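Here is a short report on one model.

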Amino acid sequence: MIEIRHLGKTYHTRERDIVALEDINLTINDGEIFGIIGLSGAGKSTLVRCINFLEVPTSGDVVIDGKVLGQLSRKELLKLRQSIGMIFQNFNLLEQRTVLRNVCYPMEIAGEKRDKAVARARELLKLVGLEDRERSYPSQLSGGQKQRVAIARALATNPRTILCDEATSALDPNTTRSILDLLRRINAELGVTIIVITHEMKVIDQICDRVAVIDQSHIAEEGRVSEVFTNPQSQIAKDLIIPKDLTVLETTGGRRLRLTFDGTKTDAPIISQMVLSCQAPVNILFANTRELDGVMHGHMIIELPSDPQQADKILVWLKNSEIKWREER
Amino acid sequence: MQFSDMLLKLWDKGLLQLGIWETVYMTQISTAIAYVIGLPLGVILHITDDSGIYPVRWLNRVLGFIVNFFRSIPFIILMVAMLPVSKLIVGTSLGNKAVIVMLVIAAAPYVARLVESSLKEVNAGVIEAAQAMGSNNFQIITKVLIPEAKPSLLTGATIAMVTILGYSAMAATIGGTGLGQIAIIYGHQRSNPDIKWICVLLMVVIVQIIQICGDKIVQKSDKRARQ
């Protein structure tokens, strides 16, 4: 279990102090995939570096399995880091080493025997699907393959936790999906706790169990992904789930409703039913829905027809339905 | 006498072979010793910098000042000024032994800066990854910084060797031998421009060989561009 207690980080520069994080409190349970989402500059990269003390917090503490990181000696800290894997946006592989020797690196550091390390590295390359590329150098690999090597490297010392710092931000959508699938598989098969830092809602949506939304150095919101996704409380969470440039869409200036699907309705074609029974057209401005355990979750924003009578018909229909909705401005 | 006749005559006497050998030998020994001192110095300069893995501001400033100090002195002045130091270290202030001491004193700070700038090119993200995996600073230096900077370090070594070769030609001033001495004593002082130009030509050939070999080794060691 990882506990982050009242954690703060302030950078002192000659001109002024920059507060990167303030009073962060989070508990990450063993075996879960925990997401931390925020816009760039929100402090999420600093936060993930505080978890393994690459950045030393200026206040508060991080407690991993009962060990208070701030109280560890340098030697103990290095030992602890060997049990926390980390992968990065830019992969950060050693360019002058082959794939196999890259995966061996953390075991070399930990003092593992060479032949044992090589055997384990081969095993891991097989796990990430790169067993035929062990003699290649990183420059000969694609971005997705490099990240797979980085994942194999992160797993080399049998870590209990893996930190992912924007691990898919440099990858295309298909590669992103396959890397996320791999992370989920590793979580399920090896029981490794995974902490994901990202600015993309779809990453959170695809693999995380719980999420913390970070904004302006603070945690704005925290909870199960399905809850935050269907019922965001903070402005920043709303902004991340429903893109701000929505207003750019051409509309006829009618009233807008936000429909929330949180599992109450499942396979019924709701919008069609509404349009057919009211005999009134609606304009779908935004939709972000997905299926979670067989039920529908998500949001849809519709625009009512400009004719008030037709609009009223739809409002009445909605009031009689089980759908949750509210007017958007 | 024709230029080619002069060349043959000197060659038959064995003077040129000896000159080439002495020049090459002094250059290589000096480069090697300059790296023994300059490589650790360059590493210390790099890691103790404010952005390095072990920032120690005062040490960085002091070493930086010393390196800059020695690099500001023209070699010909340094050679004369360091005569007592040479006497202290190798027991003489004359001849090739003394020349090697001078070359090392002049080249080591230069090598340190070359090494420092090569290490700066190593991607900071890779160092961060190594730290995240629990590497200590010694492991980062020996397993990440130096191996990752290897092609650049070898490029620097080629530059250093050519520079040292150039310096070694001035060694005749304190009784050093080699092509420089032949050019100055037989060529310049005895007013025989042919000998002077033969020596220059041979220096050009040696520099080209060093550069071509250096480039080949760098190319072979760099795994980044290999397809």
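The text below covers chain A, then a helix pair in chain B.

The model is predicted. Chain A has 329 residues, and 40% of them count as buried. Its secondary structure comprises eleven helices and 14 strands. Along the principal axes, the C-alpha atoms of chain A fill a box of roughly 80 × 50 × 35 Å. Take the contacts in chain A between residues at least 6 apart in sequence: 67% of them join residues at least 24 apart.

How confident is the predictor in chain A? The average pLDDT is 89, and 93% of the residues score at least 70.

| Element of chain A | Residues | Mean pLDDT |
|---|---|---|
| Strand S12 (lowest) | 283–292 | 76 |
| Helix H3 (highest) | 99–109 | 97 |

Where pLDDT is low, the predicted coordinates should not be read in detail.

Now the helix pair. Two packed helices are described by the angle between their axes and the distance between the axes. In chain B, helix H6 (residues 95–120) packs against helix H8 (residues 137–168) at an angle of about 150 degrees. Their axes lie 9 Å apart. The crossing of H6(B) and H8(B) is right-handed.

Which residues meet? The H6(B) side includes B:Val99, B:Leu103, B:Tyr110, B:Leu114 and B:Ser118. Among those on the H8(B) side are B:Leu145, B:Leu153, B:Gly156, B:Ile159, B:Thr163 and B:Tyr167. The contact of H6(B) with H8(B) involves 16 nonpolar residues, five polar and no charged.

Methods. Residues are numbered from 1 along each chain as its sequence is written. Chains are lettered from A and ligands numbered from 1 in the order in which they are written. This is a predicted model: local features need pLDDT of at least 70, side-chain atom pairs count only at pLDDT 80 or more; totals for chains, interfaces and linings use all residues. Axes are lines fitted to C-alpha atoms, for helices over the stretch in contact, and angles run from 0 to 180 degrees between N-to-C directions. Helices (H or I, at least four residues) and strands (E, at least two) are DSSP runs, numbered from the N terminus. A crossing is left-handed if the near helix is turned anticlockwise from the far one by less than a right angle, and right-handed if clockwise. Two residues are in contact if their C-beta atoms, placed from the backbone, lie within 7 Å. Ala, Val, Leu, Ile, Met, Phe, Trp, Tyr, Cys and Pro count as nonpolar, Asp, Glu, Lys and Arg as charged, and the others, Gly among them, as polar. A residue is buried if 20 or more other C-beta atoms lie within 10 Å of its own, exposed if 12 or fewer, and partly exposed in between; C-beta atoms are placed from the backbone. pLDDT is the predictor's confidence in each residue, from 0 to 100.
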